[in-house]
Amino acid sequence: MLSNSHDFVRPADEAERAYLESLVRDDYERSHPGDTFDAMKARCSFSKEDKGLYRDWLALAAMRAEAARMAKRQLKAA
């Protein structure tokens, strides 16, 4: 698991990237009224602030995905 957002999340493929983004998209849009996750992603190519913001949200998504995997393993073991 990543220790902080300065470790870059590198999804294996576009399907994994889409899954990770789906884990944080609604929270991003709720916490940034008037902005969308897709708009922030589009700004990443020319805004280092948005690039960092995207990286941070993807790091959060990776942590959520890991927590979901761990919970699923615990349910199978029980």
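Which residues do ring pairs link into a cluster? I find Tyr 28, Phe 37, Tyr 54 and Trp 57 linked in this way.

I note that this is a predicted model, in which local features need pLDDT of at least 70 and side-chain atom pairs count only at pLDDT 80 or more, while totals for chains, interfaces and linings use all residues. Residues are numbered from 1 along each chain as its sequence is written, and side-chain values use heavy atoms, with hydrogens and water left out.

I looked up the confidence next: the mean pLDDT (the predictor's confidence in each residue, from 0 to 100) of the protein is 89, and 90% of its residues reach 70 or more.

For the pairs, I took rings of Phe, Tyr and Trp (its six-membered ring) with centres within 6.5 Å, calling planes under 30 degrees apart stacked, over 60 edge-to-face and the rest tilted. This rule gives three aromatic pairs. Because Tyr 28 belongs to helix H1 (residues 14-31) and Trp 57 to helix H3, the pair ties together parts that are 29 residues apart in sequence. I recorded both Tyr 28 and Trp 57 as buried, that is, under 20% relative accessible area with a 1.4 Å probe and protein chains only, where exposed is over 50% and partly exposed lies in between.

The rings of Phe 37 and Tyr 54 have centres 5.9 Å apart and planes at 50°, so this pair is tilted. Phe 37 and Tyr 54 are each buried.

How values were computed:
Helix = DSSP H or I, 4+ residues; strand = E, 2+ residues; numbered from the N terminus.
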